Amino acid sequence: MDKEIRKISNLLHDYSLGNFSRRLPLSARLDEWDAIRAGINMLGEELKATTISRDYFNSIFHSVSDMVFVLDKSAQISDVNTSVQTQLGYATEQLIGKTVDRLLLPGYPSLIASLFPSLKKAPPCFQRETFFRAATGAAVPVTISAGILTDKRKRKKGILLMAKDRTAQVQTENLIIRTIIDTQEKERQRLAKDLHDSLG
């Protein structure tokens, strides 16, 4: 009996360290000990499946190029992906427990004030363009979108907020506007020269 308890204890210790590949063998007797072994083996399978799902989600979460914020029910940041750190320059610890409004440039309207009313509508939808302040103090133009996070039972667990950096888009728009203005100016100068030449 002590030997069986030791085997079970060792296996549970392995599970606690993340080693879910080991299993306890079942005997031909299929007695009470086999029922315990089978239950512990099933626990190992469930822990392995949960760990794989969590690791898969984490790899997707951190490989997304857009900034992703997980907010709790009170709209405080509970997690951020790697893009938030690389694009804004903040460490995760600097953001946890704060609201996304702390990232806004001074003078810009609160996201939180309009976030909850928008997400209470059907369908829940939130989108806005604003500016975040990077750790360096630089203004980062972003498009914000948000949705409700629910569990398997469709109970609200928080908010998933995504911020897309629009810096390249804004630069392209400014370049297009500059090109249009330059083209109009050149055309105006050409017409003025043609008019001057025809009068001459």
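This briefing describes selected contacts in the structure above, grouped by topic.

The structure is a predicted model, in which local features need pLDDT of at least 70 and side-chain atom pairs count only at pLDDT 80 or more, whereas totals for chains, interfaces and linings use all residues. Residues are numbered from 1 along each chain as its sequence is written, and side-chain values use heavy atoms, with hydrogens and water left out. Helices (H or I, at least four residues) and strands (E, at least two) are DSSP runs, numbered from the N terminus.

- The side chain of Asn-81 reaches the backbone nitrogen of Val-68 at 3.0 Å.
- When neighbours within four places in sequence are left aside, Asn-81 is in contact with Phe-61, His-62, Val-64, Asp-66, Met-67 and Val-68, where contact means heavy atoms within 4.5 Å.

**Aromatic pairs**

- Two aromatic pairs are found in a search of the whole structure; rings of Phe, Tyr and Trp (its six-membered ring) pair if their centres lie within 6.5 Å, and planes under 30 degrees apart count as stacked, over 60 as edge-to-face and the rest as tilted.
- Phe-69 and Phe-132 form an edge-to-face pair, at 6.0 Å centre to centre and with 80° between the planes.
- Because Phe-69 belongs to strand 1 (residues 67-71) and Phe-132 to strand 3 (residues 126-133), this pair ties together parts that are 63 residues apart in sequence, and both Phe-69 and Phe-132 are buried.
- The pair of Tyr-108 and Phe-131 is tilted, because the ring centres are 5.4 Å apart and the planes stand at 50°.
- Tyr-108, in the loop between helix 4 (92-95) and helix 5 (112-120), and Phe-131, in strand 3, are 23 residues apart, and their pair links distant parts of the chain.
- Tyr-108 is partly exposed at 36% relative accessibility, and Phe-131 is likewise partly exposed at 25%.

**Salt bridges**

- The structure holds four salt bridges, each being a side-chain nitrogen of Lys or Arg within 4 Å of a carboxyl oxygen of Asp or Glu.
- In one of them, Arg-23 pairs with Glu-45, and the closest N and O atoms are 2.6 Å apart.
- Lys-164 and Asp-66 meet through their side chains in another salt bridge (3.7 Å, N to O).
- Since Lys-164 is in strand 5 (residues 156-165) and Asp-66 in the loop between helix 2 and strand 1, the parts tied together by this pair are 98 residues apart in sequence.
- Lys-164 is partly exposed at 47% relative accessibility, whereas Asp-66 counts as buried at 19%.
- The side chains of Arg-166 and Glu-129 also form a salt bridge (3.7 Å, N to O), and Arg-166 is buried, with a relative accessible area of 9%.

**Helix 2**

- Leu-43 lies in helix 2 (residues 32-63) and is partly exposed, with a relative accessible area of 37%.
- Ile-60 also lies in helix 2, and at 39% relative accessibility Ile-60 counts as partly exposed.

Key
A polar contact is a pair of N or O atoms within 3.5 Å; within protein, one must be able to donate a hydrogen and the other to accept it, and residues adjacent in sequence count only if both atoms are side-chain atoms. Buried means under 20% relative accessible area, exposed over 50%, partly exposed in between (1.4 Å probe, protein chains only).
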